[in-house]
Amino acid sequence: MKTTDIQHLDTFTSDILDGLRQNPKRLPSKYFYDAEGDKLFQQIMRMPEYYLTDAEYEIMEMHKDSILKSIGCQAFDLVELGAGDGYKTKVLLQYLLEQNVDVRYCPIDISKHVLQQLETSLQNDLPELAFNCLQGDYFDMLNELHYRSEVPKIILFLGANIGNMRPPDAQAFLKEIQKNMSHNDRLIVGFDLKKDPQIILDAYNDPAGITAAFNLNILTRINKELGANFNIDLFKHWEIYNPLTGAAKSYIISKIDQDVFIPDANQVISFTAWETIEVELSQKYSLADIDVLAHKSGLTTINRLRDHKKYFVDIIFQKS
Ligand SMILES: C[S@@+](CC[C@H](N)C(=O)[O-])C[C@H]1O[C@@H](n2cnc3c(N)ncnc32)[C@H](O)[C@@H]1O
């Protein structure tokens with residue numbers, strides 16, 4: 001095993017144990033994305049109920065010229081945080097190459113597996129593109145955004161990844177990015193907008209059970225990587241959405257009183273019947289909420305791009 005893998009396992013183990021020892025229990029959603037989680041998320045992106053992907057794809061397709069105009073130059077580094085399989089970003093990349101933009105693409109993702117997929121698809125679909133994939137947690141990489149470069153940096157944070165942070169954490173995160181930006185740099189963030197609560201609930205509660213399988217896979221991953229004995233059938237997925245706060249939350253719920261043993265950490269985790277583990281926040285925003293967030297983070301909006309249903313918005317920011 002390589003050193004990086006040991007470090008990863010240690011962080012993974014301590015994050016999982018910390019989360020399961022809390023009251024109420026919680027697990028970080030970044031650990032959804034192992035090879036199986038990546039596969040299930042790609043199925044989620046193709047579900048009719050998961051409107052987020054189609055909406056942001058439409059924005060990239062319809063407004064790519066407007067995005068380039070807002071970037072305002074013909075040579076830059078495009079750094080993407082949590083790039084995933086790059087499905088939507090490739091629309092923009094293709095356009096940039098057609099416009100003879102001198103772009104170097106730097107996708108960052110915690111999942112080694114999804115980055116390998118992205119690398120292969122970039123080589124096949126956009127062979128002339130210069131790129132450099134980086135594996136790691138984007139929280140640990142924010143300081144590296146401050147690298148010296150001849151060209152501006154355009155930082156992409158798509159797919160409503162920002163919704164996985166509580167609003168105060170989202171503000172701190174944007175502030176951290178802002179501190180590392182120069183005046184010519186741009187930050188493009190995808191936010192999922194507040195809308196009919198039923199549409200939101202359906203996106204995280206599909207009848208085929210793909211979202212349930214995606215969320216429960218985190219327990220399977222703990223079994224695989226830490227030798228735990230979670231019986232997946234004794235847990236269920238549950239989704240709630242609060243239209244007042246804009247918080248959609250995914251829970252895993254224990255159906256019975258049970259103990260789970262994690263041998264790699266020599267720990268027993270006890271559950272009472274119907275006890276919850278919070279596994280994901282997907283925060284929804286209004287345009288006014290985003291304005292407040294941007295103001296508090298020292299960012300100025302220079303362009304605001306929505307899909308035709310007004311379900312989703314990509315905002316292009318510069319440092320105030
Ligand atoms: C919801 S998917 C979105 C992917 C892509 N941005 C899109 O819009 O289709 C989230 C992606 O972010 C990655 N990710 C989640 N938390 C991360 C973290 N803390 N650091 C780096 N990558 C992370 C996951 O591995 C996954 O590929």
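1. Strands here are DSSP runs of at least two residues, numbered from the N terminus. On that basis, Phe76 belongs to strand β2, residues 75-81. The model is a predicted one.

2. Leaving out residues up to four places away in sequence, Phe76 touches Leu68, Ile71, Leu96, Val101, Asp102, Val103, Arg104, Val151, Pro152 and Ile154. Take Ile154 from that list. Phe76 and Ile154 are 78 residues apart along the chain, and 6.9 Å separates their C-alpha atoms.

3. Now the domains. The protein is divided into domain 1 (3-19 + 207-283) and domain 2 (51-193 + 289-319). Their centres, taken over C-alpha atoms, are separated by 29 Å. Five residues from domain 1 and seven residues from domain 2 make the contact. About 430 Å² is buried between domain 1 and domain 2. Carbon and sulfur atoms give 43% of that area.

4. Which residues touch the most other members of the largest nonpolar core? They are Leu27, Phe76, Leu78, Leu219, Ile222, Phe230 and Ile262, in a core of 69 residues. Helix α3 (residues 51-71) gives the most to this core, with eight residues. Domain 1 and domain 2 both give residues to the core, so the core lies between them.

5. Not counting residues up to four places away in sequence, Leu27 touches Ile16, Leu20, Ile218, Leu219, Ile222, Ile277, Glu278 and Val279. Another core lies apart from the largest one. This other core has 29 residues, including Met141, Leu142, Ile177 and Ala294.

6. Ser70 is found in helix α3. Is Ser70 buried or exposed? Ser70 has a relative accessible area of 12%, and the cut-off for buried is under 20%, so Ser70 is buried. Arg186, Ile302, Asn303 and Ile316 are touched by Ser70, not counting residues up to four places away in sequence.

7. Next, the aromatic rings. The structure holds 19 aromatic pairs. One of them joins Phe41 and Phe214. This pair is tilted, with 5.9 Å centre to centre and 40 degrees between the planes. Phe41 lies in helix α2 (residues 35-45) and Phe214 in helix α9 (residues 210-226). The pair therefore ties together parts that are 173 residues apart in sequence.

8. How do the partners stand in accessibility? Phe41 is partly exposed, at 21% relative accessibility. Phe214 is buried, with a relative accessible area of 3%.

9. A further pair joins Phe191 and Tyr285. What is the geometry of this pair? The pair is edge-to-face, at 5.2 Å centre to centre and 75 degrees between the planes. Phe191 lies in strand β7 (residues 186-192). Tyr285 lies in the loop between β12 (276-283) and α10 (287-296). The pair links distant parts of the chain, 94 residues apart. Phe191 and Tyr285 are both buried.

10. Phe41 and Phe214 come back in one aromatic cluster, together with Phe32, Tyr33, Tyr50 and Tyr204. Elsewhere, the charged end of Lys25 sits over the ring of Phe271, at 4.8 Å from the ring centre.

Conventions: Residues numbered from 1 in each chain as written. Predicted model: local features only at pLDDT ≥ 70, side-chain atom pairs only at ≥ 80, totals over all residues. Heavy atoms only, no water. Phe/Tyr/Trp six-rings, centres within 6.5 Å; stacked < 30°, edge-to-face > 60°. Helix = DSSP H or I, 4+ residues; strand = E, 2+ residues; numbered from the N terminus. Buried < 20%, exposed > 50% of the residue type's maximum accessible area, 1.4 Å probe, protein only. Lys NZ or Arg CZ within 6 Å of the ring centre and 35° of its normal. Core = buried A, V, L, I, M, F, W, Y, C linked by side-chain atoms within 4.5 Å. Domains from an automatic or database assignment. Contact = heavy atoms within 4.5 Å. Buried area = accessible area lost by both parts, 1.4 Å probe.
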